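Please read the points below alongside the model. They go from the overall fold to the contacts and then to single residues.

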Amino acid sequence: MFKEEILKEIEQLNKGYEASVKEVLKKFSIEEKEMTTLSGLPLKPIYTPLDIKDNNYVEDISSPGSYPFTRGVTPTGYRTKEWTIRQVVGLGTAEETNERLKYLFKQGQTGFSVCGMGYQPYESGDERSFGILGKGGVWIDTLADIETLFDGIDMSEISINQIGFSIPVFAMILAEAERQGIDFKNLSGTIQNCVFPFGEGPQMRGNGSVDISEYCTKNLPRWNHTSISVRNIRDEGISAPQEIAFGVYMGGFTLQSVIARNIDVDEVAPRISFFLSSENDFLEEVAKFRAMRRLWARTVKERFNARDPRSWLMRFHTQTTAINLTAQQPLNNVIRSTIHALAAVLGGAQSMSVNSFDEALAIPTRASATLSLRTQQIIGHESGVANVIDPLGGSYCIESLTNQLEQKALETLKELEDMEPRKAYKYIVDQGKESGYLRQKAIDNNERAMVGVNRFVVREGEGGIDLGNTDILGYDPVWRDKQIERLDRVKKKRDPGKAEKAKKLLEDAYRNRINIIGPMVEAVKAYLSIGEIVEIREKVYGPADLSHVWGCYFGM
Amino acid sequence: MELNKKIRVLLVSDSPGHATGYYVVGKGLREAGIEVILGGFQIPPQIVKSAVQEDVDFIGYRIMDGAPEILVPRLVELLKERSIRDIQIIVGGIIPPPIVPTLKGIGIEGIFTPGTKISDIVDYVRSHFDAGTSG
């Protein structure tokens, strides 16, 4: 990017700089420390044009909205479209979550993102839901609950994100859209889907995740049928280059699995998106988002031969890291999440959820959830950072880190691609477990700073920042009783003939290994419960192995 | 009575998924020479059964998605029903501060929330392990 003679001049300049640094260090007898990023990449004290001399601006960086999209997926960034503010919600029954959603929409939230839906393969009355139902997300039994969840919410106005990839829940969302009179062609939203290697034959028949992508490609052109989540595994402790590599690998595997069903790459790829974390190391994170955009674009264009530029775009939602929030001095988490969120904005996120400061203690209260929303709004409306596209682009440091991260991720990606898919997925899971432990050890022995935990610790009664008068949201055991009663009512009210017929149709669909989404929509419209649907599937397939989907009933 | 009996801990969780803390604690205890049985997601009646079967000294109960004020008393009650007195319960995870006194009130002393050092849990287990009455 620079002329030879200028680089020579800079080299001279750098020599002078290094000598002056040595002088200062010597004067104060300070030892020069080797530093790294959080992920262990070497980090220099300063960066100069020499660090990015091999970059070609046109080929490696380019304009926002141009290949390889290092600077962003659109030419205009946040100038024409703010990121979607999509705080995660999910508490109690559909009623409580609907109330919280409506409140947040009124406060300026622009996206719908609900957790807990269809995670468990049993009905609310099962003893396994005791003391749990409604705490780690909203509980859904039947379509009636989804109707309650969307009560007063116009699905054509709000962009919907389904956390997890429960197929019955996805079918319920489609059934509810149909009830609201929305044409599937206009329905927009996202499902956190990702293909794992199982199913019959090269077309992976019986793999519900492939079914979702195939169905959406054919029927829901505006639905992001795949949102590869690497956020949770990053939050176990893996590194930034691993987050990039694992995401690109899983995205590529999903793409290839759908293509195997005779669908063109350019029909599938434009609706693949990603769900990423935003971690502590601010500079590294900004570079991470840029590096991943570039690597995904190059992978889809060069390896998958996609021709439609929309196929090359790495669009992403981010949820700020939670593992770095502390139960000690919890108000400090407000500051942490703000920094995480800022990195995501400077990295060009399309959509974001900011964690609440009380999440290491309980489910966020209405007040703490509002504060998360305001964090996003203050960054967007007051700080000015959203007015310039990729404002840190061109920084010698950020460009150099972007190069390093892409390079390192590419190495890991190649290793994964040399493995058999099942092995590669296992490797990803194992890395999560292993790195979580190493991360904790680094905190325990004070190598990794955590304010309030291994730095600036305040013992109880010594003052400092505590929660003050902030409330903590408690668990209401009534949620479970209410939900059991509701399911009972739905079952009594539904048409038994229709329910029986739907059960039979669903069983046949499972047996014949046809795409399950269509029959599932019919099944949920007959008000079959998720528990009943799982029983039907198990009749055909036997008990499912849920170890690859975090024990949740996803993609089945 | 074996004086050098290894301490045995059954680790269980209240829900599947988001198991970072669970694995970290499991590995940390193992590295400290404590035997760890990874039980995964179990509900209180299953936990009691596994704890007895595995002849453990401690149950390490990770709670993140559930309500500790409901699940932990239920576990305590089930152990009492079966007159099991030599298995101690340790709780870890998302424990809202107002719940801590409730748990202490039913005899749970080992409560570990985010920000805990692994060595604190190891020390707790060692100092509360009674080689004379256990095993």
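**Notes on the two-chain model**

1. In chain A, residues 24 or more positions apart account for 77% of the contacts with a separation of 6 or more; two residues are in contact if their C-beta atoms, placed from the backbone, lie within 7 Å. Chain B also has a value of 77% for contacts with a separation of 6 or more, again from residues 24 or more positions apart.

2. This is a predicted model, in which local features need pLDDT of at least 70 and side-chain atom pairs count only at pLDDT 80 or more, while totals for chains, interfaces and linings use all residues. Residues are numbered from 1 along each chain as its sequence is written, and chains are lettered from A and ligands numbered from 1 in the order in which they are written. The model scores ipTM 0.89 and pTM 0.95. Chain B averages a pLDDT (the predictor's confidence in each residue, from 0 to 100) of 92, and 93% of its residues score at least 70.

3. Chain A contains 18 helices and eleven strands. Helices (H or I, at least four residues) and strands (E, at least two) are DSSP runs, numbered from the N terminus. The C-alpha trace of chain A spans about 85 × 60 × 40 Å along its principal axes. Of the 556 residues of chain A, 49% count as buried. A residue is buried if 20 or more other C-beta atoms lie within 10 Å of its own, exposed if 12 or fewer, and partly exposed in between, with C-beta atoms placed from the backbone.

4. Chain B has five helices and five strands, in the order β-α-β-α-β-α-β-α-β-α along the sequence. The radius of gyration of chain B is 14 Å, close to the 14 Å given by the globule rule for 135 residues, so chain B is as compact as a globular protein of that length. Its C-alpha trace spans about 40 × 35 × 25 Å along the principal axes, and buried residues make up 49% of the 135.

5. The domain assignment of chain A gives domain 1 (83-441) and domain 2 (481-549); such bounds come from an automatic or database domain assignment. The C-alpha centres of the two domains lie 26 Å apart. Between them, 30 residues of domain 1 are in contact with 22 residues of domain 2. On the domain 1 side, α4 (143-149), α5 (167-179) and α6 (208-219) of chain A each give two or more residues, and α5(A) gives the most, with six. That side divides into 17 nonpolar, seven polar and six charged residues. Ala, Val, Leu, Ile, Met, Phe, Trp, Tyr, Cys and Pro count as nonpolar, Asp, Glu, Lys and Arg as charged, and the others, Gly among them, as polar.

6. Which helix supplies the largest share of the side of chain B that touches chain A? Across this interface, 30 residues of chain B are in contact with 29 residues of chain A. On the chain B side, α1 (20-31), α3 (68-81) and α5 (118-128) each supply at least two residues. The largest share, five residues, comes from α1(B). By class, this side of chain B has 15 nonpolar, nine polar and six charged residues.

7. Helix α14 (residues 421-444) of chain A has buried residues that pack against α7 (231-234) and α8 (240-259) of chain A together with α1 and α5 of chain B. Among those buried residues are Tyr425(A), Ile428(A), Arg439(A) and Gln440(A).

8. Some backbone values deserve a check. Most residues other than glycine have a negative phi, and most peptide bonds are trans. Tyr67(A) and Pro68(A) are joined by a cis peptide bond, with omega about 5 degrees. Tyr527(A), not a glycine, has a positive phi of about 60 degrees and counts as buried, with 22 C-beta neighbours inside 10 Å. His18(B), also not a glycine, has a positive phi of about 45 degrees; His18(B) lies in the loop between β1 (8-13) and α1 of chain B.

Technical notes: The radius of gyration is taken over C-alpha atoms; the globule rule is 2.2 Å times the number of residues to the power 0.38.
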